[in-house]
Amino acid sequence: MGKIPCSLPFQSKQKSTNSDEFHPIYSDSSSSSSLSLSRSSSSLYSQPSLPSVPSLTPLSTHSELLSNTFCASTFTGLSSSVFCLSLAGKHLYTGTSNGEILLRDKDPLNQEKNHSIVVAQKQSKSSVKSIVIFGDKLFTAHQDHKIRVWKIDNRDDDIEASNQNYYKCIATLPTLNDRCMRLFSAKNYVEVRRHKKCTWVHHVDTVSALAISSDNSLLYSASWDRTFKIWRISDFKCLESVWNAHDDAINAIALSKNGYVYTGSSDMKIKIWKKEQGKKSIHTLIATLEKHKSSVNALALSTDGSVLYSGACDRSIVVWEKDSGGDKMVVSGALRGHTKAILCLCVVDDLVVSGSADKTVRIWKKGIGKSYSCLAVLEGHNGPVKCLTASSDNSNSNSNSSRSKSKDDFGVGNSYVVYSGSLDCDIKVWKIWVP
């Protein structure tokens, strides 16, 4: 296993932190409860690992497999911590702790457009927790309990610094119509805390994660209020709210192509939901996965949906696979190596990428049977790695396939680009070559 340091200089916007203790800039205290703040801070601290789960990583891996891996660029100049990243076409979108939504060219070698511009920001400056994109609409989840919908307008892809804040917010969820329609009926109200009620279409705490269904018709939102909700993308109507889905904050949500919904929570559980067919057509609980001993912070599904990866504060990535008898998820083992909490996960082809509070990014690849290899440890961030996104690298290939085949001095392999965002206010771009 090789450690790949970032060879390019980077500028930290925060004071360097001690490896055992740090004070994360994780939330906007002006727009969230003290309970939400304590949850976000506690998710960065590691708990004891999982001794009962077998390790899937061998004692030694071959670092020469990734001898052509490097930090291609560091995007600096951001004014606040990076909370989420999303790729769309040739653009990289960034959500920050002060509510900015930034746009830049995803190619770090494009010197003409190698800068970020703020395309949207609300006056509340509420932290952006998640970004998903469908067509010309950009959906953002915020710490002020809102979901916002923006009309994408890239001015014929001419990204110029003068075009600041030109994305138009076309809706805030729940919409005014949704709220008014449910305002006068007592059955539409739920108790959110003692002596306080609100309509079920509202999130009443930070919206932590968003996901779009495989048919692009539904938007799923998860929240620290322990619920997840389903919205119709065509008119932004709230169709369903799964109330008290967990016993604590929901931090992550993942959707499979065959309709399963996975939610990960601070209650240490992962729950699997499926939509019932019928008149009510509501989501029901199918199974509860209990193996983590601390807050579940991140979920990611393999390309075919047969493997679920979950990251938690216990420093382990638990691998869940469908059993041979059907759709039941069982523990296959754990990926270990991070020294602090797992904060984010993403999957590209057969690679799993993890980011941690230990300030590193790790690249994992499945081997023979159920074994995995840690191909590289990417170092260079000066703060916890909060978000990741990745894609095949098409710059070295003329192929139209999902994988980019390239050939260099090391032979034929697949090239990937990994983007990592950190609480140090920097985004790093890593070039990965896998034989």
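At 6% relative accessibility, Trp273 counts as buried, a class that comprises residues under 20% relative accessible area, with exposed meaning over 50% and partly exposed the range in between (1.4 Å probe, protein chains only). The model is predicted, so that local features need a pLDDT of at least 70 and side-chain atom pairs count only at pLDDT 80 or more, whereas totals for chains, interfaces and linings use all residues. Residues are numbered from 1 along each chain as its sequence is written, and side-chain values use heavy atoms, with hydrogens and water left out.

A pair of aromatic rings is described by the distance of the centres and the angle of the planes. Rings of Phe, Tyr and Trp (for Trp, the six-membered ring) are taken to pair if their centres lie within 6.5 Å, and planes under 30 degrees apart count as stacked, those over 60 as edge-to-face and the rest as tilted. The structure holds four aromatic pairs. In one of them, the ring centres of Phe139 and Phe236 are 6.4 Å apart and the planes stand at 75°, so the pair is edge-to-face. This pair links distant parts of the chain, with Phe139 in strand 8 and Phe236 in the loop between strand 15 and strand 16, 97 residues apart. Both Phe139 and Phe236 are buried. The rings of Phe228 and Trp273, with centres 5.3 Å apart and planes at 65°, likewise form a pair that is edge-to-face. Here too distant parts of the chain are linked, since Phe228 lies in strand 15 and Trp273 in strand 19, 45 residues apart. Phe228, at 0% relative accessibility, counts as buried.

Strand 15 (residues 228-232) has four of its five residues buried, so this strand is largely enclosed by the rest of the structure. Strands (E, at least two residues) and helices (H or I, at least four) are DSSP runs numbered from the N terminus, and two strands pair if DSSP finds at least two bridges between them.

Strand 14 (residues 218-223) is joined to strand 15 by five bridges, and the two run antiparallel. Within this pairing, Tyr220 has Ile230 of strand 15 as its bridge partner, and Ser221 has Lys229. The two strands form a hairpin with four residues between them, and Arg226 in the turn has a positive phi of about 80°. On the other hand, strand 15 and strand 16 (residues 237-242) pair in the antiparallel sense over five bridges, with Ile230 standing opposite Glu240 in strand 16. This hairpin has four residues between its strands, and Phe236 in the turn has a positive phi of about 65°.

A further open sheet, again with antiparallel pairing, is formed by four strands in the order 17-18-19-20. Its edge strands, each pairing on one side only, are strand 17 (250-255) and strand 20 (283-290). The twist averages 25° from one strand to the next. Strand 19 (residues 269-275) is joined to strand 20 by seven bridges, the two running antiparallel, and the bridge partner of Ile270 in strand 20 is Leu289.

A nonpolar core is a set of buried Ala, Val, Leu, Ile, Met, Phe, Trp, Tyr and Cys residues joined through side-chain atoms within 4.5 Å. The largest such core has 20 residues, of which Phe139, Ile147, Leu173, Leu210 and Leu219 touch the most other members. At least two residues of this core are supplied by each of strand 8 (137-142), strand 9 (147-151), strand 10 (168-173), strand 11 (189-193) and strand 13 (207-212). Strand 13 gives the most to the core, with three residues. Apart from this core lies another, of 19 residues, among them Val353, Ala376, Ala390 and Tyr416. When residues up to four places away in sequence are not counted, the residues that Leu210 touches include Phe139, Ile147, Leu219, Tyr220 and Ile253, where contact means heavy atoms within 4.5 Å.

Terms used
Axes are lines fitted to C-alpha atoms, for helices over the stretch in contact, and angles run from 0 to 180 degrees between N-to-C directions.
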